[in-house]
Amino acid sequence: MEKNEIVSIFTVTEFKTGKQMEEAIIGDGQSAIRYLRKQYPRHTKFVLDGFEINGKFVPLYIKNQRND
């Protein structure tokens with residue numbers, strides 16, 4: 001079985017400046033966000049946009065629980 005290369009794609013928003021940037025971190029799960037949080041100040045917003053699996057972007061789909 002071949003290993004897939006997974007890259008997590010995040011949108012990072014700095015609290016003080018409001019500046020947004022896109023970050024790509026090799027890996028997935030808790031280790032990826034733990035590494036990213038160490039790189040920025042405490043009040044920074046991180047949004048997981050999706051994953052790049054073997055070079056193909058797969059957006060994150062979260063089903064909304066509300067029935068609007």
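A search of the whole structure, which is a predicted model, finds 1 aromatic pair. The pair consists of Tyr 40 and Phe 46, arranged edge-to-face, with 5.9 Å from centre to centre and 70° between the planes.

**Around the aromatic pair**

Is Tyr 40 buried or exposed? Its relative accessible area is 14%. Since residues under 20% count as buried, Tyr 40 is buried. Leaving out residues up to four places away in sequence, Tyr 40 touches Val 12, Glu 14, Met 21, Glu 23 and Phe 46.

Both members of the pair also belong to the largest nonpolar core, which has 8 residues: Phe 10, Val 12, Ile 25, Ala 32, Ile 33, Leu 36, Tyr 40 and Phe 46. Which elements each supply at least two residues of this core? They are strand β1 and helix α1, the latter spanning 30–38. The largest share, 3 residues, comes from α1.

**The sheet**

The strands form an open sheet of 4, in the order β2-β1-β3-β4, and their pairing is antiparallel. Strands β2 (20–26) and β4 (56–59) are at the edges; each has a single partner strand, so one side of each has no neighbour in the sheet. On average, and with direction ignored, neighbouring strands are turned by 35° against each other. In general, strands of a sheet pair through backbone hydrogen bonds, in a parallel or antiparallel way.

| Strand pair | Bridges | Direction |
|---|---|---|
| β1 and β2 | 6 bridges | antiparallel |
| β1 and β3 | 9 bridges | antiparallel |
| β3 and β4 | 4 bridges | antiparallel |

Strand β1 covers residues 6–14, and strand β3 covers residues 44–53. β1 is mostly covered, with 7 of its 9 residues buried.

Towards β3, the bridge partner of Ile 9 is Gly 50, and that of Val 12 is Phe 46. This places one ring of the aromatic pair, that of Phe 46, on a residue that is bridged to Val 12. Val 12 is in turn among the residues that Tyr 40 touches.

**The hairpins**

Two hairpins join strands of the sheet. The hairpin of β1 and β2 has 5 residues between the strands, and Gly 18 there takes a positive phi near 75°. In the hairpin of β3 and β4, 2 residues lie between the strands, and Asn 54 in the turn has a positive phi of about 50°.

**Thr 44 in strand β3**

Thr 44 lies in strand β3. What is the relative accessibility of Thr 44? The value is 12%, and because the limit for a buried residue is under 20%, Thr 44 counts as buried. A polar atom of the Thr 44 side chain lies 2.8 Å from the backbone oxygen of Pro 41. Apart from neighbours within four places in sequence, Thr 44 is in contact with Val 12, Thr 13 and Glu 14. Val 12 and Glu 14 are also touched by Tyr 40.

Conventions: Residues numbered from 1 in each chain as written. Predicted model: local features only at pLDDT ≥ 70, side-chain atom pairs only at ≥ 80, totals over all residues. Heavy atoms only, no water. Pairing = 2+ DSSP bridges. Axes fitted to C-alpha atoms, helices over the stretch in contact; angles between N-to-C directions. Buried < 20%, exposed > 50% of the residue type's maximum accessible area, 1.4 Å probe, protein only. Polar contact = N/O pair within 3.5 Å; in protein donor to acceptor, adjacent residues only side chain to side chain. Contact = heavy atoms within 4.5 Å. Phe/Tyr/Trp six-rings, centres within 6.5 Å; stacked < 30°, edge-to-face > 60°. Core = buried A, V, L, I, M, F, W, Y, C linked by side-chain atoms within 4.5 Å.
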